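The sequence and structure come first.

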Amino acid sequence: MRPKTLNLCAQLESEGGLRSTQRVSVEEQVAKTLYILTHNVRNHHIQFWFQRSGETISRHFHRVLLSIIELEERYLKQPDGRRIPIEILGSNRFNPFFKDCVGAIDCTHVRVKVPLFEAPKYRGRKGFPTQNVLVACSFDLRFTYVLPRWEGTASDSRILKDALHRTNSLKIPRGKFYLLGAGFMMRNGLIIPYRSTCYHLKEFSARNPPRTPQELFNNRHPSFRNVVERAFGVLKKRFPIIASGTESNYGIKTQSRIIIACCILHNYLVGIDPVEDKELLAEVDAEIYCESVAQYDGALTNDNDEEHARLGENLRNSIAAAIWTYYQS
C-alpha cells in the first residue's frame with residue numbers, strides 16, 4: 001500500500017472506529033472499498049480478486065463507508081471567515097473586491113437506484129433517476145459542505161433553502177458571502193450574477209471588453225464560481241462510482257453515504273498528491289472550457305424574504321461599482 005493509503009487506514013482506526021476482524025485486516029477492508037469507489041465495480045468482481053464472499057465484501061464496504069464519514073468533522077469544515085482566502089489575497093483582479101467571499105455553491109446530479117414507484121420524482125432533466133446534491137467549496141478545491149439525498153426534480157434554490165434552515169445547516173459567516181449561479185436565489189450572503197447579461201468568460205475578449213459595471217462583475221464572477229465545477233470534475237474523475245452513466249448498484253441511502261465519503265476522501269487527497277491534482281485539473285479545465293454556455297438568463301427564482309434579496313442586491317451592486325471604478329482608473 002502507498003503511504004497515503006496507510007495513513008488513511010491509521011486515521012480510520014484511531015478516529016473512525018474501524019477495526020480488523022479475526023480474518024480481515026483494516027488495510028484489506030479499506031483496499032476493497034477504495035477499489036469499488038475508484039473503479040465502480042460490482043461485488044462479484046471484488047469476490048474474484050480478494051477471494052471473499054459477497055456478504056463479507058458488502059459488510060466491509062458499508063463498515064468502511066461509515067468509518068470514513070466519522071472523519072466528516074475533520075475534513076468537511078465550513079469556513080469561519082476569519083481569513084481572506086489566499087487565492088483572493090494574491091490577485092489584483094479579486095482583491096479587495098471579493099475579500100469577503102468564502103467560497104462557491106452549486107448542485108450536481110448523481111445517478112441513483114430507487115424503487116419504480118419513486119422514479120418519477122427522481123427523474124429530472126437527466127432523463128433517469130438522480131439525486132440532486134448541493135455542495136459548498138472553498139477556493140483550494142476542498143468541499144466544505146455536502147447535502148445529498150434530494151430528488152432529481154428538486155430545484156437548486158429549494159435545496160439551498162433547506163440547507164440554510166436544517167439542523168446541520170450551511171453557515172454563512174457574518175459579513176461574508178458565497179458565489180452561486182443564476183439558477184439560485186439572491187439574498188444576503190448569496191451572490192449570483194446579473195441575469196440577461198453577458199456572463200461566460202468566452203464572451204469577453206480584447207475586442208469585446210466589458211462595457212458596464214454589470215458586465216464587468218459577470219466577467220469576474222465565473223473565474224471564482226467555477227471552482228466548484230472544477231472540484232466536481234476532479235471528484236468524479238477520482239471516483240467514477242458517482243460519475244458513471246450506468247445505473248447505480250446502490251439505493252439512495254447508501255449512495256448518499258458514498259457521496260459524502262468520496263468528498264471526505266477528496267479533501268484528504270488535496271495537497272497530498274499535487275502532481276495528480278494538476279493532471280486531473282488540466283483535464284477538467286479543458287472540459288469546462290469546451291462547454292458552450294452563452295449566458296445565464298434562466299427563469300427567475302423568487303425569494304420570499306425580500307429584505308434578504310435587497311441586501312444581496314445592494315452588496316452585488318457595490319462590488320460591481322468598485323470593480324468598475326478601479327477598471328476605469
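## Helix α2

The buried residues of α2 (under 20% relative accessible area, with exposed over 50% and partly exposed in between; 1.4 Å probe, protein chains only) are Val 26, Glu 28, Gln 29, Val 30, Lys 32, Thr 33, Leu 34, Ile 36 and Leu 37. They pack against α1 (3-14), α3 (43-50), α4 (54-69) and α11 (252-269), where contact means heavy atoms within 4.5 Å. Helices (H or I, at least four residues) and strands (E, at least two) are DSSP runs, numbered from the N terminus.

Asn 40 follows α2 and has a positive phi, near 55°.

## Basis of the model

The model is predicted: local features need pLDDT of at least 70 and side-chain atom pairs count only at pLDDT 80 or more, while totals for chains, interfaces and linings use all residues. Residues are numbered from 1 along each chain as its sequence is written, and side-chain values use heavy atoms, with hydrogens and water left out.

## Nonpolar cores

A nonpolar core is a set of buried Ala, Val, Leu, Ile, Met, Phe, Trp, Tyr and Cys residues joined through side-chain atoms within 4.5 Å. In the largest core, of 90 residues, Phe 98, Leu 134 and Leu 160 touch the most other members. Its largest share, ten residues, comes from α11. Apart from it lies another core of five residues, among them Val 112, Val 114, Ala 119 and Ile 252.

## Leu 116

Leu 116 sits in the loop between β1 (101-111) and α7 (119-122). Leu 116 counts as exposed because its relative accessibility is 76%.
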